[in-house]
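This report describes selected features of the structure shown below, moving from aromatic contacts to a helix and then to a pocket.

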Amino acid sequence: YYRPEFTDLVIPYFYPVGTTVLGPQQEDDAWEARLRCLLEPLAARTPTRERVLPLLQAFEQVGYPIRDGLVRRQLDVYAEFWPGNRNAAYFWWGGGTSEPLVGMSERPVVKRGVAESLGGVPARPVPCAAAPRASRER
């Protein structure tokens, strides 16, 4: 049930690869068409002034491998409906590598896809290390 007049922020969430409520999906399946069918009525009822925050898949389910282009492909579908939107959230769901859902901290390909969608992630800064002061002799 969606009432746009009582909504401050629209957060559509559909994870395209894995065992979904719509059935199992591999990355090479036609999930973009399914996502379009879900987003079309939502976009039609969402006022243009409404903020949109797509929630993207940032995990991999065992048996359903993904490549680093998955995040970009998700963003491309959302951009068809909200072309000026530059917002996105990334849903990391999973535990360690022994769990059925593995997040981006354990899967470099997922982490790379998220980083690329953000325009790259800066390297961690090197802490400032001041040279030790020379002792004063008195």
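Phenylalanine 59 is buried, with a relative accessible area of 0%, in what is a predicted model. Its ring partner, phenylalanine 91, is partly exposed, with a relative accessible area of 28%. The structure holds five aromatic pairs. In the pair formed by Phe59 and Phe91, the geometry is edge-to-face, with 6.3 Å from centre to centre and 75 degrees between the planes. Because Phe59 belongs to strand β6 (residues 59-61) and Phe91 to strand β7 (residues 89-91), this pair ties together parts that are 32 residues apart in sequence. Ring pairs also link these two residues with Tyr13 and Tyr15 into a cluster.

| Residue | Relative accessible area | Class |
|---|---|---|
| Phe59 | 0% | buried |
| Phe91 | 28% | partly exposed |

Strands β6 and β7 also meet helix α3: the buried residues of α3 pack against both strands and against α2 (70-81). Helix α3 spans residues 108-117, and its buried residues are Val109, Val110, Gly113, Val114, Ala115 and Ser117. Just after α3, glycine 119 takes a positive phi of about 85 degrees.

The largest pocket contains about 270 Å³ of space. Of its 13 lining residues, the closest to the centre are Leu75, Asn85, Arg86, Asn87 and Ser117. Ser117 is also among the buried residues of α3. Helix α2 supplies the largest share of the lining, four residues. By class, the lining has eight nonpolar, three polar and two charged residues.

Methods. Residues are numbered from 1 along each chain as its sequence is written. This is a predicted model: local features need pLDDT of at least 70, side-chain atom pairs count only at pLDDT 80 or more; totals for chains, interfaces and linings use all residues. Side-chain values use heavy atoms; hydrogens and water are left out. Rings of Phe, Tyr and Trp (its six-membered ring) pair if their centres lie within 6.5 Å; planes under 30 degrees apart count as stacked, over 60 as edge-to-face and the rest as tilted. Helices (H or I, at least four residues) and strands (E, at least two) are DSSP runs, numbered from the N terminus. Buried means under 20% relative accessible area, exposed over 50%, partly exposed in between (1.4 Å probe, protein chains only). Contact means heavy atoms within 4.5 Å. On a 1 Å grid over the protein atoms alone, a cavity is a set of points where a 1.4 Å probe fits but cannot get out, and a pocket is an open set with protein on both sides within 12 Å along at least five of seven lines; lining residues have an atom within 4 Å of a point. Grid points are joined across faces, edges and corners, and a volume is the space filled by probe spheres set on the points. Ala, Val, Leu, Ile, Met, Phe, Trp, Tyr, Cys and Pro count as nonpolar, Asp, Glu, Lys and Arg as charged, and the others, Gly among them, as polar.
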